[in-house]
Amino acid sequence: MVMRPWNFSAGPSALPLEVLQQAASEMTDWHGCGMSVMEMSHRGKQFTQIRDEAEADLRELLGVPDDFEVLFMQGGATAENAIVPLNLIGRNGSGKADYILTGIWSNKSHKEAQRYGDIAIAASSGAEATLDGVKQDPWTWFPKVQDWKVRPDAAYLHLCSNETIGGVEFADWPDMASLGAAQVPLVVDASSHFLSRPIDFSKASMVYAGAQKNAGPAGVTVVIIRKELVGHALPVCPSAFDYANVAAAGSMFNTPPTYAIYIAGLVFKWLKRQGGVAAIQAANIAKAQALYSYLDDSRFYVSRVHAASRSRMNVPFFLRDESLNAAFLSEAEAAGLMQLKGHKSVGGMRASIYNAVPLEAVQALISYLQDFERRHG
Ligand code: PMP
């Protein structure tokens, strides 16, 4: 049996060991064809099969409706921050788009979009914002749906449904008609909780995700978009980023990231073997509950995210005595618990407990938290 340390990286992050082992065994000769997947033409019959199975498995896992395209793109979620407005802001002639700001990633999306049109903030959990009339620590909560102000003629509304750095998650997406914005499609950056829970495609018209958390290695970006939103790109949109071109070419408008798509396809098959998205969601709930309830019961550690908005995937937490941070991290590594350092903008610690991080890893982390507290508390 292969022994590896537990990996709590926020991304690129842990992949299922079975997937890595299968990829290793197929590295030099894929299914007896005498070539590595890296060496194949993307237009050949072998890679066409790999791509088609990846899309079919992803559609099955998420129940993607037939009126949505599934696109495999490049540039990461960061490129989508530009690609989204380039494709969508011209769709209804208003040139407007609205953004919900809940942390670093949604702020980046909002900033980039400002280059392309009239961009407004529909809601925010920043320093100036209030929840029930009361100011809060910024980016530690998600604005209530009834407080969102969406312009009815906006070309789309954008939100980030899991803020990887702040550890804030929001998955109960509203019906846009209930906001007086029935014509406004909801566009969601789901990068860091993609495939960790079901997606309601009756609420979101577009969902995108960089693969390097739950879906595979860095290099491929999954875009799932309602077909009627495709075909409205601004004339300045680069051809390789025009959803219409990518869709018409089956994600082969140019050479796709073939190896990343292949590994993502193996991850999709692994997820099906785990019982699919509902089963992985149940496991993710159990993992998150175990960790948050330990943190909440402790007087040594603290989670600062509002309980209702806590991410199941990314768990930032702090030692109350921050002078112990360096010792905490070096002793964690010695105990086989890797990549627990918090993002530099937040500080403290962060445990990312994605699909490929099992309950056993979370239990090992909790034992370490207890042990460290006993020795230093
Ligand atoms: N959005 C979210 C929610 C993310 O977590 C990340 C990356 N961590 C990005 C966007 C940016 O993704 P990329 O680095 O792949 O461009």
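User: How many helices and strands does the chain have?
Analyst: This is a predicted model. Its chain has 16 strands, and the number of helices is nine.

User: What radius of gyration does the chain have, and what would a compact globule have?
Analyst: The C-alpha trace spans about 60 × 60 × 30 Å along its principal axes. Buried residues make up 54% of the 377 residues. For a compact globule with 377 residues, the radius of gyration would be near 21 Å, and the chain agrees with this at 21 Å.

User: What share of the contacts with a separation of 6 or more comes from residues 24 or more positions apart?
Analyst: Contact here means heavy atoms within 4.5 Å. Among contacts in the chain with a separation of 6 or more, residues 24 or more positions apart account for 69%.

User: In what order do the seven strands of the open sheet lie, and which are the edge strands?
Analyst: The pairing in this open sheet is mixed, and its order is β2-β12-β11-β10-β7-β3-β4. From one strand to the next, the twist averages 20 degrees. Two strands pair on one side only, and these edge strands are β2 (68–73) and β4 (118–124).

User: In which sense do β7 and β10 pair, and what stands opposite Cys160?
Analyst: Strand β7 covers residues 157–160 and strand β10 covers residues 186–189. Four bridges link the two in the parallel sense.

User: Which strands does helix α4 lie across, and at what angle does it run to β3?
Analyst: Helix α4 is made of residues 104–113. The strands it lies across are β3 (96–101), β4, β7 and β11 (206–210). Relative to β3, helix α4 runs at about 160 degrees.

User: Why is strand β12 described as largely enclosed by the rest of the structure?
Analyst: In a regular strand, side chains alternate between the two faces of the sheet. On one side of β12 are Thr221, Val223 and Ile225, on the other Val222, Ile224 and Arg226, and all are buried. Strand β12 (residues 221–226) is largely enclosed because the buried count is six of the six residues.

User: How many bridges join β12 to β2, and how many to β11?
Analyst: Both pairings are antiparallel: β2 with β12 and β11 with β12. Glu69 stands opposite Ile225 of β12, while Gly210 stands opposite Thr221 of β12. The bridges to β2 number six, and those to β11 number five.

User: Is Glu169 buried or exposed, and which side chain does it join in a polar contact of 2.8 Å?
Analyst: Glu169 lies in strand β9 (residues 168–169). Its relative accessible area is 7%, so Glu169 is buried. Beyond its neighbours within four places in sequence, Glu169 has contacts including Ser161, His193, Ser309 and Met313. The polar contact of 2.8 Å joins the side chain of Glu169 to that of Arg197.

User: Where is the cis peptide bond that has omega of about -10 degrees?
Analyst: Pro12 is placed in the loop between β1 (6–7) and α1 (17–26). The cis bond joins Pro12 to Gly11.

User: What value is phi of Trp139 near, and what is its relative accessible area?
Analyst: Trp139 sits in the loop between β6 (134–135) and β7. Its phi is positive, in a residue other than glycine, and is near 60 degrees. Trp139 is partly exposed, and its relative accessible area is 28%.

Technical notes:
Residues are numbered from 1 along each chain as its sequence is written. This is a predicted model: local features need pLDDT of at least 70, side-chain atom pairs count only at pLDDT 80 or more; totals for chains, interfaces and linings use all residues. Side-chain values use heavy atoms; hydrogens and water are left out. Two strands pair if DSSP finds at least two bridges between them. Axes are lines fitted to C-alpha atoms, for helices over the stretch in contact, and angles run from 0 to 180 degrees between N-to-C directions. Buried means under 20% relative accessible area, exposed over 50%, partly exposed in between (1.4 Å probe, protein chains only). A polar contact is a pair of N or O atoms within 3.5 Å; within protein, one must be able to donate a hydrogen and the other to accept it, and residues adjacent in sequence count only if both atoms are side-chain atoms. The radius of gyration is taken over C-alpha atoms; the globule rule is 2.2 Å times the number of residues to the power 0.38.
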